[in-house]
Amino acid sequence: MRAQKTTASGLLRTFACGATLMIGAASPAAAAGDINVIASIKPVHSLVASVMAGVGKPTLIVEGAGSPHTYALKPSQAQALEQADVVFWIGHEIETFLEKPVETLGKKARVVELMDTEGLIKLKMREGGAFEAHAHDDHDDHDEKAAGAKKDDDHDHDHDHDDHADAKHDDHDDHDHKKKKKAGHDDHGHDDHAHHGGEDAHIWLDPANAKILVGKIAATLSAADAKNAATYKKNAAALSSRLDGLVAKVQATVKPVQDRGFIVFHDAYHYFEDRFGLEAAGAISVNPEVLPGAARVAEIKAKVKELGATCVFSEPQFEPKLVTVVTEGTNAKSGVLDPLGASIDNGPELYFTLIESLGRSFSECLASAS
């Protein structure tokens with residue numbers, strides 16, 4: 001009998017140890033499925049999370065109101081990159097802090113630079129007039145007159161910023177996207193992708209681009225995790241349909257204010273504007289890592305008065321006092337635009353909330369100042 005009791009207790013101990021091991025195996029890695037996925041910024045994370053629904057959850061690097069332009073990678077995040085199977089990021093122009101880590105830490109991972117995705121609509125960086133050359137670090141020394149002379153050559157639109165009030169947006173939905181698509185892609189290889197030919201990297205702010213990214217994300221995940229490929233494909237199809245509905249919703253929101261001028265903190269919204277028939281008259285600072293000097297601020301302030309800009313928008317990631325300085329003594333209102341979703345909860349719904357919020361911010365500020 002004693003031998004039987006000992007055997008029974010031994011079995012119980014064996015079961016308990018096995019249960020402990022099972023619980024341990026079901027922690028982060030298992031909870032996230034059989035694939036360990038990392039996304040750089042919140043909008044990318046949201047799209048990846050939607051595609052992974054029912055399989056697992058990706059890990060986000062830049063949380064909250066952090067800016068990818070100035071972010072510093074944490075040791076725990078560097079370790080997570082070492083263990084990643086797939087890493088999604090926009091590219092060198094946005095997440096500069098990831099340039100070296102993805103090359104040295106994520107060696108075994110599939111590192112996907114989404115800026116290189118085939119089929120994206122790509123727009124050039126805006127220069128001239130109130131948009132200074134993006135390569136300039138000294139905002140006080142640039143020659144605006146010379147830049148202004150190049151404006152029509154550097155800008156993808158057929159109309160001048162100064163004629164913004166007279167621009168017709170009725171046929172803006174056509175965008176001449178085929179021309180932009182052909183000119184924007186495959187002009188560079190991975191060896192020189194640090195510059196992307198002067199292209200604007202805020203690609204996620206056009207939901208049409210988001211659809212292309214979703215396809216890339218689903219294909220990458222399917223290749224890395226073949227047993228869940230059917231789920232990824234199904235989720236991607238549903239997400240693409242929702243993105244079509246998002247475009248229609250935001251178009252209706254901004255349509256009444258499409259002809260009104262505004263100034264942005266930094267030139268991050270070209271894709272959103274181009275998709276929805278809006279157009280910024282200028283930016284306070286093209287490079288968000290370099291604060292503009294007094295001469296640049298004075299220039300923008302004069303531009304606000306000259307164009308009768310209705311709104312000047314700040315961002316939660318950067319110093320808002322500049323907007324107060326620029327709008328002082330003018331009739332312009334101030335608003336807030338958030339291209340990253342700083343205050344929005346992480347997850348599949350973030351991308352939709354982000355784009356809808358941008359539409360409302362434009363609509364409310366521009367309408368209130370009419």
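## Chain overview

The protein chain has 14 helices and eight strands, where helices (H or I, at least four residues) and strands (E, at least two) are DSSP runs numbered from the N terminus. This is a predicted model, in which local features need pLDDT of at least 70 and side-chain atom pairs count only at pLDDT 80 or more, while totals for chains, interfaces and linings use all residues. Residues are numbered from 1 along each chain as its sequence is written, and side-chain values use heavy atoms, with hydrogens and water left out.

Of the 370 residues of the protein chain, 51% count as buried; buried means under 20% relative accessible area, exposed over 50%, and partly exposed in between, with a 1.4 Å probe and protein chains only. Among contacts (heavy atoms within 4.5 Å) between residues at least 6 apart in sequence, 71% join residues at least 24 apart.

The contact of α3 with α14 brings K42, P43, S46 and L47 of α3 to L350, Y351 and L354 of α14. The residues of this contact divide into five nonpolar, one polar and one charged, where Ala, Val, Leu, Ile, Met, Phe, Trp, Tyr, Cys and Pro count as nonpolar, Asp, Glu, Lys and Arg as charged, and the others, Gly among them, as polar. The two helices, α3 and α14, pack at an angle of about 135°, with their axes 8 Å apart; axes are lines fitted to C-alpha atoms, for helices over the stretch in contact, and angles run from 0 to 180 degrees between N-to-C directions. Helices α3 and α14 are therefore oblique to each other, given that angles under 35 degrees count as roughly parallel, over 145 as roughly antiparallel, 65 to 115 as roughly perpendicular and the rest as oblique.

## Helix α10

Helix α10 (residues 229–254) has 26 residues and reaches 37 Å from its first C-alpha to its last, close to the 38 Å expected at 1.5 Å a residue, the expected span being 1.5 Å times one less than the number of residues.

## Nonpolar cores

A nonpolar core is a set of buried Ala, Val, Leu, Ile, Met, Phe, Trp, Tyr and Cys residues joined through side-chain atoms within 4.5 Å. Of the 75 residues in the largest such core, F88, I90, W204, L221, F262 and F272 touch the most other members, and the largest share of this core, nine residues, comes from α14. A second, separate core of 15 residues includes A130, V297, L322 and V323.

## Two residues in context

W89 is found in strand β3 (residues 86–89) and, at 1% relative accessibility, counts as buried.

T70, by contrast, is found in the loop between β2 (59–60) and α4 (75–82) and is exposed, with a relative accessible area of 53%. The C-alpha atoms of T70 and F97 are separated by 7.4 Å, although these residues are 27 apart along the chain.
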